[in-house]
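Welcome! Have a look at the picture first, then try each task before reading on.

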Amino acid sequence: MERKKTRLVKVGNVSVGGNAPIIIQSMTNTMTHDVDATVNQIKKLENAGCEMVRVAIPEEKDLLAIPEIKKRIDIPLIADVHFLSDYALRAIDLGADKVRINPGNIGKESKVKQIIDKCKEKGIPLRIGVNAGSLHKKFREKPHGLAKALVESAKEYIRLCTEMDFNKIILSVKASSVLETIEAYKLLSEETDFPLHIGVTEAGLPVPGSVKSALGIGILLYQGIGDTIRVSLTGDPVLEIETAYYILRSLEIRKVGPEIISCPTCGRTHYDINDVVQEIHTKLKMIKQPIKVAVMGCEVNGPGEAREADIGLAIGPKIALLFKKGRVIKKFKHEEMVDRLIKEVAKYIQEEITG
Ligand code: SF4
């Protein structure tokens, strides 16, 4: 996969675009003015590997919460302002590391110009986030289709920023349709070298939403498009981060943390492996080193089928086999197998990864 070269834009201390890694971000779903709840959720997101976070600023009390939230978190904070350009200006003054505006909602060009001037003054970036659901009225007719309309709207603001000699912009053109999203980003990527924030908007509940996001984001990344990703799911935003890492790991873009391979089970399975896989997933979750761990439902085919795994368990009716790179190294009773696997994983990381 050859990644398209884009400009580097700094968001707080995080680099987006250029040669920087593809950055994972999310958005809180707490009331932003409830500082404790918002900070608590951001800390959970940080622990899961979130690298920058967006908060909604619908009211003045949300705006006023920015300084206190900033003080208590360790990743850049992005203020999402929908309708009131004045809030964008004030969010910047209150310390937001980036502001996201939706051109369809902010309205008049003069208001956007004021925001650009303020970003220039404070040296912070701006995301121009065009969304299919809230396209500027000028582009709503879509004579050439939705994807083209999204890109035309984004281009209008790229032109405005460029004319004002402002280059710290990150762009997004999201739709809830996977195909429209892919089409829009492909067109946009041909038109600009500003970094792109990619994602399928309003993707839905965790299972369908993860599938849509994996397809939309994955296909774009495979084509070298995208500098920062957001998986949009209905539910706990921590799931967005986990899903984002699975996408990047599956494409071997960022190998972080354990990858658990588990077989679908079949008529050869004599032990319910679901709970075992869940327990191993929970116990290994915090590991940052890239390691492949397999949990297989039979001792005959398991190790061979999971030959690519670094460490694994093949669970037979009476015993479990612990294997390394597809070769059996030990046997254990079921009661011991999870603890023994965890110890072997720690040993493997020590010997083979961290040295
Ligand atoms: Fe069936 Fe064994 Fe393959 Fe699992 S590893 S699918 S139990 S043959």
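**Exercise 1.** Find the partner of Arg 3 in a salt bridge and say which parts of the chain the pair ties together.

Solution. Step one: the side chain of Arg 3 meets that of Asp 227 in a salt bridge, at 2.9 Å from N to O. The term stands for a side-chain nitrogen of Lys or Arg within 4 Å of a carboxyl oxygen of Asp or Glu. Step two: Arg 3 is in the segment before β1 (9-11), while Asp 227 is in the loop between α9 (206-222) and β10 (228-230), so the pair links parts 224 residues apart in sequence. Helices (H or I, at least four residues) and strands (E, at least two) are DSSP runs, numbered from the N terminus. Step three: the whole structure holds 27 salt bridges.

Before you continue, note that this is a predicted model: local features need pLDDT of at least 70, side-chain atom pairs count only at pLDDT 80 or more, and totals for chains, interfaces and linings use all residues. Residues are numbered from 1 along each chain as its sequence is written, and side-chain values use heavy atoms, leaving out hydrogens and water.

**Exercise 2.** Describe how α1 and α10 pack.

Solution. Step one: the axes of α1 (residues 35-48) and α10 (residues 237-250) come within 9 Å and cross at roughly 15°. Axes here are lines fitted to C-alpha atoms, for helices over the stretch in contact, with angles from 0 to 180 degrees between N-to-C directions. Step three: the contact (heavy atoms within 4.5 Å) joins Gln 41, Lys 44, Leu 45 and Ala 48 of α1 to Pro 237, Val 238, Ile 241 and Tyr 245 of α10. Step four: these residues divide into six nonpolar, one polar and one charged. Ala, Val, Leu, Ile, Met, Phe, Trp, Tyr, Cys and Pro count as nonpolar, Asp, Glu, Lys and Arg as charged, and the others, Gly among them, as polar.

**Exercise 3.** How is α9 placed against α10?

Solution. Step one: their axes come within 10 Å and cross at roughly 40°. Step two: that makes α9 oblique to α10. Step three: the contact includes Ser 210 and Ile 217 of α9, and Thr 243 and Leu 248 of α10. Step four: by class it has seven nonpolar, four polar and no charged residues.

**Exercise 4.** Which residues surround the ligand?

Solution. Step one: among them are Cys 263, Cys 266, Arg 268, Cys 298 and Glu 305, each with a heavy atom within 4 Å of it. Step two: the shell has four nonpolar, four polar and two charged residues.

Key:
Angles under 35 degrees count as roughly parallel, over 145 as roughly antiparallel, 65 to 115 as roughly perpendicular and the rest as oblique.
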